[in-house]
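Thanks for coming, everyone. Please have the sequence and the model open while I talk.

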Number of protein chains: 2
Amino acid sequence: MVRAALQPRIELRAMKRLVPLLSAIVVGCASAPPEPARDARPLAEILEASSPAEWRKPDPENTFYLDLATGRVVIELAPAFAPRNVESIKRLVRQKYFDGLSVYRVQDNFVAQWGDPDEKKDLGGAPKKVAPEFSRTIDGGLEFVALPDRDAYAPETGFSHGFPAARDSGAGRAWLTHCYGTLGVGRDNDEDSGNGAELYVVIGNAPRILDRNITVAGRVIRGIELLSALPRGTGNLGYYEKPEQRTPIRQARMAADLPQSERTPLEILRTDSPTFRALVDGRRFRKDQWYKVPAGAVDVCALTVPVRAPK
Amino acid sequence: MVRAALQPRIELRAMKRLVPLLSAIVVGCASAPPEPARDARPLAEILEASSPAEWRKPDPENTFYLDLATGRVVIELAPAFAPRNVESIKRLVRQKYFDGLSVYRVQDNFVAQWGDPDEKKDLGGAPKKVAPEFSRTIDGGLEFVALPDRDAYAPETGFSHGFPAARDSGAGRAWLTHCYGTLGVGRDNDEDSGNGAELYVVIGNAPRILDRNITVAGRVIRGIELLSALPRGTGNLGYYEKPEQRTPIRQARMAADLPQSERTPLEILRTDSPTFRALVDGRRFRKDQWYKVPAGAVDVCALTVPVRAPK
């Protein structure tokens with residue numbers, strides 16, 4: 001649980017010192033100098049002090065499991081940003097479309113991708129094309145918790161509905177950003193050529209160049225290491241050269257369709273909670289026994305939203 | 001070779017379309033609107049058209065090999081930024097200190113780390129402490145090829161001596177940035193507690209929070225997938241729980257100490273070359289059959305310096 005919590009990182013050397021996740025937490029603001037008053041609580045302690053109301057359970061109707069021989073990847077879908085693509089993915093999952101297909105592409109520092117590499121499996125009536133949802137309007141007051149720091153790619157970044165996101169108020173648009181763990185809908189050259197039958201997850205440095213060019217439909221909330229540690233494909237773009245190198249998908253299921261006993265119960269820290277805000281500032285102004293110079297800023301893709309098993 | 005070249009990324013879906021790395025290249029500037037005149041050459045073609053003088057061979061006196069059962073990781077050291085730590089690493093390599101030790105920590109979306117987890121192996125007279133080299137002065141005109149876009153963490157980013165770097169002209173300092181593939185010198189809480197005996201490589205989203213907090217001594221120029229695809233440690237912070245889970249290091253050697261036949265010949269595109277500049281702009285303004293909206297910017301850690309086998 002602590003593992004996923006903004007990835008508390010301590011000294012890189014000692015095995016002995018596994019305890020002192022001692023990061024100083026600072027309630028600062030964007031323009032503050034890098035030495036504001038400090039809250040001495042370690043990140044883990046901040047999390048411990050969170051209230052139950054600050055955690056949410058992902059909706060089982062919008063959570064799906066990708067079950068591999070090595071374990072389960074849990075993915076939360078983002079209907080607030082990609083309603084049509086999410087609907088198509090859910091339809092395919094419910095048709096058991098992915099069962100027996102494979103992870104057929106793993107490109108280092110980029111993506112792991114799954115589906116039917118031959119694109120021959122019957123879609124069972126699911127649409128071949130789905131309207132692109134590369135960004136959405138912010139009309140009607142899209143929930144958005146802004147981060148205070150500069151970003152190379154967007155006027156503003158932050159979190160929306162719990163997902164890393166960007167916003168351009170001038171253009172009236174918002175979109176989900178490509179960060180580690182982001183789930184996207186593969187497509188061909190035509191904008192509407194994706195339908196959720198080929199999906200990818202980011203397993204490297206945030207490929208923000210993809211933002212607004214492809215539909216982001218969710219993110220991995222548990223088990224990404226089952227994808228990120230897969231052998232890299234040695235073919236062009238990380239495709240496996242031999243079919244037997246692919247990783248079979250045992251089954252993909254909507255959480256809602258499994259009995260309670262087969263679900264993976266998880267809670268996610270709300271990104272509009274005081275505890276999340278404290279964690280963000282803890283990252284921005286982290287200074288403790290190990291950290292000597294606070295970064296003074298944090299990138300939206302350098303933050304990991306804490307996920308835990310329910311207490 | 002093309003594989004490493006700024007990672008040309010095309011459509012995420014089709015296996016059929018492996019050819020069209022068709023990215024439009026634009027010679028633009030920071031303030032330009034995202035639709036300037038376009039150079040229609042694909043990235044691969046830009047690389048092909050580079051002149052031999054735009055490529056450099058890494059100095060064998062500052063290149064070392066980490067040989068695993070699965071292959072060779074090639075690392076270029078950065079004496080311009082960490083002369084004392086590089087000297088210590090070279091001394092340890094030449095003493096065969098790393099031979100028979102292991103990669104004992106792999107934390108997902110963070111680092112792979114190697115050395116002696118018990119810190120018991122004889123250092124053979126090598127210093128236990130080396131003065132920290134977290135940043136350096138820019139006095140005397142440090143070579144620096146600046147990127148034009150904003151960065152969350154530093155006033156300016158770019159490349160220096162071929163490495164991703166940041167610069168604060170006001171403070172008169174520069175430092176190497178923590179990007180995918182960056183090599184760092186593990187340390188305890190004391191700034192001088194690292195000596196190169198424990199080294200780590202970044203295998204996840206750029207952990208820029210480490211910048212200026214630890215000595216960066218180089219970067220992986222080939223074979224990072226041998227580290228990034230290792231099974232993740234299930235202990236705290238990615239340490240393996242059982243010694244047998246560790247990946248043994250067969251040997252570490254300076255390139256200069258091996259006969260020519262045992263070296264891995266490589267060339268690296270100069271980051272102060274016109275071709276590299278064209279590739280940077282190609283990333284920033286990429287718009288082609290697949291990319292619909294140019295990012296308009298690029299982050300220093302989203303760029304990969306092309307590496308190739310000599311022709």
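I will go through the sheets, then the interface, then the salt bridges.

First, the ground rules. This is a predicted model: local features need pLDDT of at least 70, side-chain atom pairs count only at pLDDT 80 or more, and totals for chains, interfaces and linings use all residues. Residues are numbered from 1 along each chain as its sequence is written, chains are lettered from A and ligands numbered from 1 in the order in which they are written, and side-chain values use heavy atoms, with hydrogens and water left out.

Start with chain A. Nine of its strands make an open, antiparallel sheet, in the order 14-4-5-12-11-13-3-2-15. Strands here are DSSP runs of E, at least two residues; helices are runs of H or I, at least four; both are numbered from the N terminus. Two strands pair if DSSP finds at least two bridges between them.

Which strands sit at the edges of this sheet? Strand 14 (247–248) and strand 15 (251–254) of chain A, each pairing on one side only. Strand 14 of chain A is joined to strand 4 (102–106) of chain A by two bridges, antiparallel. In one of the pairings, A:Val103 has A:Thr247 of strand 14 as its bridge partner.

Contact means heavy atoms within 4.5 Å.

Over to chain B. Five strands form an open antiparallel sheet there, ordered 6-10-9-8-7. Strand 6 (136–137) and strand 7 (145–146) of chain B each have a single partner, so one side of each has no neighbour in the sheet. Strand 9 (163–168) and strand 10 (173–176) of chain B pair antiparallel over four bridges. There, B:Ala165 is partnered with B:Leu176.

Next, the interface. 72 residues of chain B contact 70 residues of chain A. The two chains bury about 7200 Å² between them, 51% of it on carbon and sulfur atoms. That is accessible area (1.4 Å probe) lost on being put together, summed over both parts.

Last, inside the chains. Over all chains, the salt bridge count comes to 34. One is A:Arg284 with A:Asp281, closest N and O atoms 2.9 Å apart. Both lie in helix 4 (274–284) of chain A, three residues apart, about one turn of the helix.

Methods
A salt bridge is a side-chain nitrogen of Lys or Arg within 4 Å of a carboxyl oxygen of Asp or Glu.
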